[in-house]
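Open your viewer and get ready to click along. We will hop from one selection to the next and look at what is there.

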Amino acid sequence: FFEPLPVHDGLPQIDDPTPTTGDERPLTARSRRYQPIRTLFPRTILPAALDLGASAFGGDIGGTLQVTDILGFHSVVGSARYQTAFHQPSGSVAYRYSQLLPTFSLSFGRAYAQRTGYERYNYERPASAEDLGYRVTGYQERVTRVTGGVSVPVLRHPIHNASAGAQYSYTQYTNVDARDPVDPNAPASSTPGTGGLGQVDFSLTYDNIRAVKFGYASETGRSAGVRLTIIDRHLGGRFGDLQVAGNYTERLRMPWRGHQVLAMNLSGGAAAGGLSNRAAYFVGGYSQQEDVIRTLLMRSAIGEAGVLRGFQPGAFAGTYYTVLNAEYRIPIADVERGVGTLPLFMRRITMIPFSDLGGAWSQGFNRKALHWGVGAALVLSFKVGYLDAIDLFVQYARGFDDKYGLDTFRATVVQSF
């Protein structure tokens with residue numbers, strides 16, 4: 001029962017957690033309501049927010065900036081691009097609110113596309129031997145869209161997930177080449193289907209995708225979705241139509257070692273044909289699919305599902321469409337290395353040979369409506385900023401078609417199906 005001797009130690013003493021009553025700010029049990037604006041910061045940094053590409057139409061470069069709060073209740077995504085083929089800037093902005101059980105979204109965007117099927121004669125430009133003289137085929141189109149939607153979870157399970165959504169959008173299609181002079185002595189030509197289009201979409205999606213830690217993307221499971229689109233003049237615009245589209249994706253893990261996966265995606269759609277001389281669906285290469293604005297909004301401008309790699313963007317148009325994408329994913333090496341303390345971490349290298357088969361048509365279906373493309377990609381998977389995971393594709397693709405087929409080589413950020 002003796003008082004212990006004092007301890008002499010050269011190490012610094014630990015902080016005493018006992019509250020003090022000195023000059024420090026007094027403790028309080030009062031809580032404060034969460035303020036999302038205090039944590040709204042950009043969540044994407046270079047180079048994850050930049051992408052570029054090149055094709056027969058020219059090059060394009062773009063950037064994306066995403067701002068979210070720490071809990072993910074509010075999200076704002078802005079995207080901007082410059083397309084050398086059209087010499088025009090394009091971009092979009094989207095807002096998403098997900099604090100409640102329904103998720104609300106609002107977006108606005110503008111982009112450009114090269115359309116086919118419109119022939120006219122312009123006698124003001126000089127004729128050359130390379131083109132067809134005064135005859136001009138195709139036109140450049142400006143697409144402006146405003147969208148608002150809501151989605152709710154239908155099934156919430158550790159493995160199985162299903163959700164339903166409703167969305168309204170108004171799209172304005174403008175013929176940029178409409179300023180070409182009209183010669184009364186020229187042969188008659190049809191007018192492309194431009195103007196406003198108001199629509200309501202109802203969608204239902206399901207997936208039970210399973211991923212692994214040491215592998216590329218998802219290795220097992222399947223996903224499916226169906227969408228019903230109602231286009232009516234009472235919703236705005238000058239068109240009326242009824243469209244149904246769906247997609248199904250299957251991933252088959254090979255029985256041998258190496259995390260090798262055979263992934264296949266089948267998508268298709270049909271329309272009632274109420275869009276006059278405007279096609280309901282466009283199928284082709286990257287960047288300009290049927291929903292060109294959404295691709296900019298969600299940073300999936302070069303998503304692989306439903307794309308005919310190796311062809312011109314929007315090369316085939318029609319009332320019906322179908323596309324089959326198949327690829328064999330072969331992980332080569334798990335690098336798992338970074339450069340010092342830089343916020344850039346290389347995860348793995350993957351080789352993906354692929355093949356695409358599909359097309360769009362309006363009359364009776366025949367084998368000539370289907371077009372085939374093949375290629376391969378070297379995928380470099382990174383983690384940027386300790387959080388944002390991206391896949392850099394170095395890809396070559398060839399489309400087997402004399403008119404619309406291309407030999408393309410591009411390096412860009414891609415989202416696999």
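Start by selecting R348, which is buried, with a relative accessible area of 3%. Here buried means under 20% relative accessible area, exposed means over 50%, and partly exposed is in between, using a 1.4 Å probe and protein chains only. This is a predicted model, in which local features need pLDDT of at least 70 and side-chain atom pairs count only at pLDDT 80 or more, while totals for chains, interfaces and linings use all residues. Residues are numbered from 1 along each chain as its sequence is written, and side-chain values use heavy atoms, with hydrogens and water left out.

**Stop 1: around R348**

R348 lies in strand β17, residues 344-361. Helices (H or I, at least four residues) and strands (E, at least two) are DSSP runs, numbered from the N terminus. The side chains of D334 and R348 meet in a salt bridge, 3.2 Å from N to O. That term stands for a side-chain nitrogen of Lys or Arg within 4 Å of a carboxyl oxygen of Asp or Glu. The pair links distant parts of the chain, with D334 in strand β16 and R348 in strand β17, 14 residues apart. Is D334 buried or exposed, or something in between? D334 is partly exposed, with a relative accessible area of 40%.

Next, show the neighbours of R348. Not counting residues up to four places away in sequence, R348 touches K213, F214, G215, Y216, A333, D334, V335, E336, V379, L380 and S381. A contact means heavy atoms within 4.5 Å.

**Stop 2: other salt bridges**

How many salt bridges does the structure hold? The structure holds 8 of them. Select E327 and R329, whose side chains meet in a salt bridge of 2.8 Å, N to O. E327 is buried, with a relative accessible area of 1%, and R329 also counts as buried, at 1% relative accessibility.

Then move to R253 and E219. R253 forms a salt bridge with E219, and their closest N and O atoms are 3.4 Å apart. This pair links distant parts of the chain, with R253 in strand β12 and E219 in strand β11, 34 residues apart. R253 is partly exposed, with a relative accessible area of 46%, whereas E219 counts as buried at 1%.

**Stop 3: a nonpolar surface patch**

Select V154, L155, F202, L204, V226, L228, I230, L242 and V244, which make a nonpolar surface patch of about 720 Å². Patches are made of residues with over 30% relative accessible area and no salt bridge; like charges are joined within 9 Å, nonpolar side chains (Val, Leu, Ile, Met, Phe, Trp, Tyr) within 5 Å. The elements that give two or more residues to it are β7 (135-156), β9 (195-207), β11 (218-231) and β12 (241-253). Which element gives the most? The answer is β11, with 3 residues.

**Stop 4: the nonpolar cores**

In soluble globular proteins, nonpolar side chains tend to be buried together. A nonpolar core is a set of buried Ala, Val, Leu, Ile, Met, Phe, Trp, Tyr and Cys residues joined through side-chain atoms within 4.5 Å. The largest nonpolar core has 19 residues, and L197, L275, Y281, V283, L308, F316 and Y321 are those with the most contacts inside it. The elements that give two or more residues to this core are β14 (281-283) and β16 (320-338). Apart from it lies another core, of 6 residues, among them Y216, A377, V379 and F393.

**Stop 5: Y34**

Go to Y34, in the segment before β1 (41-42). Y34 is partly exposed, with a relative accessible area of 32%. The side chain of Y34 makes polar contacts with the side chains of D69 (2.8 Å) and T39 (3.4 Å). A polar contact is a pair of N or O atoms within 3.5 Å; within protein, one must be able to donate a hydrogen and the other to accept it, and residues adjacent in sequence count only if both atoms are side-chain atoms.

**Last stop: zoom out**

Show the whole protein, which has 1 helix and 20 strands. Buried residues make up 39% of its 417 residues.

Definitions and conventions: Areas by Shrake-Rupley, 256 points an atom, 1.4 Å probe, with all protein chains shown as cover.
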